[in-house]
Amino acid sequence: MIGNGKLRKIWTDKALYLMLLPCIAYFVIFHVWPIAGMKLAFYDYRIIGNDVYVGFKYFKELFGTPIFGQVLRNTLIISAMKMVLIFPIPILFALMLNEFANGKFRKAVQIVSYLPHFLSWVVIAGIWFEFLSPTTGAVNELLKLFGFHAQDFLTDKDSIRWVLLASEAWRSMGWDSIIFLAAIMGVSPSLYEAAHLDGANRWQIVTRIVLPHLYIPMVTIFILNVGFIMNAGLDQVLNFANSSVNSRIDIIDTYVYRMGLLNNQYSFATAANLFKSFIGLVLVLSTHFLSKRLTSKGAW
Amino acid sequence: MPARRITWSKALIALFLSLVTLTMFIPIVNLIARALSNPGQVHLLRGYELWPRGFSLINFQVVLGNPIVGRALLNSLFITIAGTVLSLLFTSIAAYVLVQKNLVGKTPIMIFLIIIMIFEPGIVQEYMVVKDIHLLDSLWAMVLYRMINVYYLIIMMRFLEDIPDSLTEAAKIDGAGHLTLYTRIVVPLSRIPLVTIGMFYAVAKWNEFFKSSIFLSSPKNTVLQVLLRQFVVEQDTTALVGASDLLKNNNIAQLDFSALKAATIVVAMVPILMLYPVILKHYTRGVMDGGVKE
């Protein structure tokens, strides 16, 4: 029950609620409405008349489809590869950069390496297609130089996931190193001085002083990444996809898009989407609270 | 930090960092060189070269002179500018309201927003909603789509919480209403977070291609990233030049498609390159200058 005092407070603050109104309207239209619409996963879609409740029919169909198993596996494999193999790269990058005092070299590396984070996946794909081109690409020129055969990595089933991995690392290593670089700069100068007086060498300083300062951001970021395991990178996959490699990089998001908007199987696609969104919600919430507990920093 | 000798390990690290950075620097500069090259000589340009072969603006003339590209460029600019302005306006208004002390309903609203931040709506349903509100194939769909990012809203709130009460209290005693407080005190004091968050909104709007390709179906409403995807990813070069231009202009028969593609990518990168110094200045200031970033 809302007490009289609260009602009076709401009345005095009416200007505030009015200011908030368009924002709430936005959230209701663009978020609540579509989320509520996902109940379609439990209904048969009807163009005319009311949708018919069918219970878990579409979920049973979904889990009975071999393609969905493959799509789920692809999603988890690509995410896990990124989570494990890309994770240390920004940390190493920050540690290496930290070996150089502020100056032209360090600044130049920073300016160039932060840039790819801001390019769209369309542009990055354009750059990488050139980079990996079997005829003129730099990678194949190098391979040929060492006596190997040129390869078309983009249409090779066995290498396409590594292309996703490499291009993601290329895009994010600089930008994602910022948080670690900031943590390194939080190390008190007196610690360095003390280590120096004790005769510590560079390697000892890095492993005994700098690295321990990175444990907390490392744990936070790793845990939070687990929360996003259902997102293998839709924008990236859409741009690197082609018919020769689709079976290896078809992920839940591309599957939902194809089944829902290209094949018009609304209920079926919504069931797949709801499955993904629900697991995502549970994972993000649990990893947030776990991280909050362990490192006092969460996703928000 | 104490002075250090140049050691082998340090030289190796420098070499490694340089190589990594060059994998980013060379392809981007090479694209620009390719776009500026003379179409007749561009086939001589190797993937690692940084300087154009010959010099010509013909690639940009053709790309920008193509009405489809020109239209897409204007559409992208409109969505980015209008979208960023509205996003900033409503994000900061919501943040202002939600940092008010003793606001009735604040906790349930925050829980609601956090659930919204995490739970992704279905793509089929988003499409249906945009259709139901009659914004399908309207640029406004992309202006309003993802208008308020809850994560940025929370960042904005953290910043506003740090504005001392004394500043707003004095104005309140003078009889200033919330709208006045917002426009006269909060906005001027929040320039840095507004610029920073605005950059991120603008980059996201400019780079969006998946939802644009779904919500905007007619050619006159297409955006640059969607068009670029046709050229670069789907290798559909007919739209790049346009059949009418091919007949009109004999020069085009001699154009190099790789150079035209490069020019289109460069056009799509220019706004990002223009915003980039501002991003570096604001967002990474602490890290770039070696100070502690809070």
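Here are some notes on this predicted model, taken point by point.

1. Ground rules. Because the model is predicted, local features need pLDDT of at least 70 and side-chain atom pairs count only at pLDDT 80 or more, while totals for chains, interfaces and linings use all residues. Residues are numbered from 1 along each chain as its sequence is written, with chains lettered from A and ligands numbered from 1 in the order in which they are written.

2. The A–B interface. Chain B puts 72 residues into the contact and chain A puts in 76, with two residues in contact if their C-beta atoms, placed from the backbone, lie within 7 Å. On the chain B side, helix 1 (residues 8-36) gives the largest share, twelve residues. Helices here are DSSP runs of H or I, at least four residues long, numbered from the N terminus. That chain B side has 52 nonpolar, 14 polar and six charged residues. Nonpolar covers Ala, Val, Leu, Ile, Met, Phe, Trp, Tyr, Cys and Pro; charged covers Asp, Glu, Lys and Arg; the others, Gly among them, are polar.

3. Domains in chain A. Chain A splits into domain 1 (4-44) and domain 2 (56-295), bounds that come from an automatic or database domain assignment. Their centres, taken over C-alpha atoms, are 35 Å apart. Five residues of domain 1 of chain A meet seven of domain 2 of chain A. The domain 1 side of that contact has four nonpolar, no polar and one charged residues.

4. A look at A:N242. You'll find A:N242 in the loop between helix 13 (234-240) and helix 14 (246-249) of chain A. A:N242 counts as exposed because it has 12 C-beta neighbours inside 10 Å; the cut-offs are 12 or fewer other C-beta atoms within 10 Å for exposed, 20 or more for buried, and partly exposed in between, with C-beta atoms placed from the backbone. Leaving out residues up to four places away in sequence, A:N242 touches A:L154 and A:T155. A:L154 is 88 residues away along the chain, with 8.1 Å between the two C-alpha atoms.

5. In the model, residues 77-99 of chain B are 96% helix and 0% strand (strands being E runs of at least two residues), with end C-alpha atoms 33 Å apart. Residues 142-160 of chain B come out at 74% helix and 0% strand, with 28 Å between the end C-alpha atoms.

6. Helix 12 of chain B. Eight of the nine residues in helix 12 (residues 224-232) of chain B are buried, so this helix is largely enclosed by the rest of the structure. Among them are B:L224, B:R229 and B:F231.
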